Amino acid sequence: MGDRPQDAVEATATSIAVLETLTDAPGPVGITDLAAELDLAKSVVYNHVSTLRAEGYVAKRGTEYEPSARILALSDRIRRGFPV
């Protein structure tokens, strides 16, 4: 998505990568598979997933994770801002 500015927050970029990877997956994903896909430590991925889950953007299904419907609410708010 373009050049990353020098003052970009790496943790935010990692959370977005986690969320996008979950969104692109065909179904719920475990921490181990997610960490392998992102080439990150499981502990790092777990912390990001836990934060996204606490904020309502990720849902847990058994021992795996998937994006929640909260993302749809965001996209709906954005869509309503566009002229028809």
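**Contacts and packing around Leu22 and Glu66**

In this predicted model, Leu22 is in contact with Val29, Leu34, Val58, Tyr65, Glu66 and Pro67, its neighbours within four places in sequence being left aside.

Me: Is Glu66 buried or exposed?
Reply: Glu66 lies in strand 2, which spans residues 64–67. The cut-off for burial is under 20% relative accessible area. Because the relative accessibility of Glu66 is 17%, Glu66 counts as buried.

Me: Which residue has a side chain joined to that of Glu66 by a polar contact?
Reply: Residues up to four places away in sequence not being counted, Glu66 touches Leu22, Pro28, Tyr57, Val58, Ala59 and Arg61. A polar contact of 2.9 Å links the side chain of Glu66 to that of Arg61.

Me: How is helix 2 oriented relative to helix 3?
Reply: The axes of the two helices come within 9 Å and cross at roughly 110 degrees. Angles of 65 to 115 degrees count as roughly perpendicular. Helix 2 is therefore, relative to helix 3, roughly perpendicular.

Me: How many residues of the contact of helix 2 with helix 3 are nonpolar?
Reply: Helix 2 contributes Ile31, Thr32, Leu34, Ala35 and Leu38, while helix 3 contributes Lys42, Val45, Tyr46 and Val49. One residue of this contact is polar and one is charged, and the nonpolar residues number seven.

Notes:
Residues are numbered from 1 along each chain as its sequence is written. This is a predicted model: local features need pLDDT of at least 70, side-chain atom pairs count only at pLDDT 80 or more; totals for chains, interfaces and linings use all residues. Side-chain values use heavy atoms; hydrogens and water are left out. Helices (H or I, at least four residues) and strands (E, at least two) are DSSP runs, numbered from the N terminus. Buried means under 20% relative accessible area, exposed over 50%, partly exposed in between (1.4 Å probe, protein chains only). A polar contact is a pair of N or O atoms within 3.5 Å; within protein, one must be able to donate a hydrogen and the other to accept it, and residues adjacent in sequence count only if both atoms are side-chain atoms. Contact means heavy atoms within 4.5 Å. Axes are lines fitted to C-alpha atoms, for helices over the stretch in contact, and angles run from 0 to 180 degrees between N-to-C directions. Angles under 35 degrees count as roughly parallel, over 145 as roughly antiparallel, 65 to 115 as roughly perpendicular and the rest as oblique. Ala, Val, Leu, Ile, Met, Phe, Trp, Tyr, Cys and Pro count as nonpolar, Asp, Glu, Lys and Arg as charged, and the others, Gly among them, as polar.
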